[in-house]
Amino acid sequence: MHTFDFRNTIVPFSLLDLRQHFKEMRPGDSLEVLWSDPSSVDDLLRVLPAGCVEIASKGEVLDPSGVGIRVELIKTRMEPLSFQRR
């Protein structure tokens, strides 16, 4: 399992990083994400393909700056291919 520690980072850049890593994962692979802001989890689920990800666990973590959130995600299937219209 790969861990992304995005506590005290700029969220949009973190989401792009995570999205790229998720594309390279295989079904059944999991990753752990640590955030300072619990609302970032909603943003994360908006950028990942619906139906391809499952939240395996979610909880709080303590760190020097306060309470953060920990989320474990599992890739459930490959992303559907995008078709471009001509």
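Visitor: What pattern does the protein chain follow when read along the sequence?

Guide: In this predicted model, the order along the protein chain is β-α-β-α-β-β. That makes two helices and four strands.

Visitor: How are the strands arranged in the sheet, and what kind of pairing does the sheet have?

Guide: The four strands form an open sheet with the order β1-β2-β4-β3, and the pairing is mixed. On average, neighbouring strands are turned by 20 degrees against each other, direction ignored.

Visitor: What makes β1 and β3 the edge strands?

Guide: Each of them, β1 (2-5) and β3 (53-63), pairs on one side only. A pair requires at least two bridges between the strands.

Visitor: How do you know that β3 and β4 pair, and in which sense?

Guide: The cut-off is at least two bridges, and β3 and β4 (residues 66-75) have ten, in the antiparallel sense. Two of the positions can be named: Glu54 has Ile74 of β4 as its bridge partner, and Glu60 stands opposite Ile69 in β4.

Visitor: Where does helix α1 lie, and at what angle does α1 run to β2?

Guide: Helix α1 (residues 11-24) lies across β1, β2 (30-35), β3 and β4. The angle between α1 and β2 is about 175 degrees.

Visitor: Which residues of α2 are buried?

Guide: Ser40, Val41 and Leu44 are buried, so each has a relative accessible area under 20%.

Visitor: Why are these residues said to be on the same side of α2?

Guide: They cover an arc of only 100 degrees around the axis, and therefore they are on the same side of α2. The buried residues of α2 pack against α1, β2, β3 and β4.

Visitor: What makes Asn8 stand out in its phi value?

Guide: Phi of Asn8 is near 60 degrees, which is positive although the residue is not glycine. Asn8 is in the loop between β1 and α1.

Visitor: Why is Asn8 called exposed?

Guide: The relative accessible area of Asn8 is 63%. Exposed means over 50%, so Asn8 qualifies.

Visitor: Which residues touch the most other members of the largest nonpolar core?

Guide: The core has 16 residues, and those with the most contacts to other members are Leu18, Leu31, Val33, Trp35, Leu44 and Leu73. At least two residues of this core come from each of α1, β2, α2 and β4. In soluble globular proteins, nonpolar side chains tend to be buried together.

Visitor: What does Leu31 touch, leaving out residues up to four places away in sequence?

Guide: The contacts of Leu31 include Met1, Phe4, Leu18, Phe22, Met25, Val71 and Leu73. His2, His21 and Glu72 are also touched by Leu31.

Visitor: How much of the protein chain counts as buried?

Guide: Of its 86 residues, 31% do. The accessible surface comes to about 5,800 Å², and 52% of that belongs to carbon and sulfur atoms.

Visitor: Among contacts between residues at least 6 apart in sequence, how many join residues at least 24 apart?

Guide: The share is 65% in the protein chain. The C-alpha atoms fill a box of roughly 50 × 25 × 15 Å along the principal axes.

How values were computed. Residues numbered from 1 in each chain as written. Predicted model: local features only at pLDDT ≥ 70, side-chain atom pairs only at ≥ 80, totals over all residues. Heavy atoms only, no water. Axes fitted to C-alpha atoms, helices over the stretch in contact; angles between N-to-C directions. Contact = heavy atoms within 4.5 Å. Buried < 20%, exposed > 50% of the residue type's maximum accessible area, 1.4 Å probe, protein only. Arc of directions from axis to C-beta. Core = buried A, V, L, I, M, F, W, Y, C linked by side-chain atoms within 4.5 Å. Areas by Shrake-Rupley, 256 points an atom, 1.4 Å probe, with all protein chains shown as cover.
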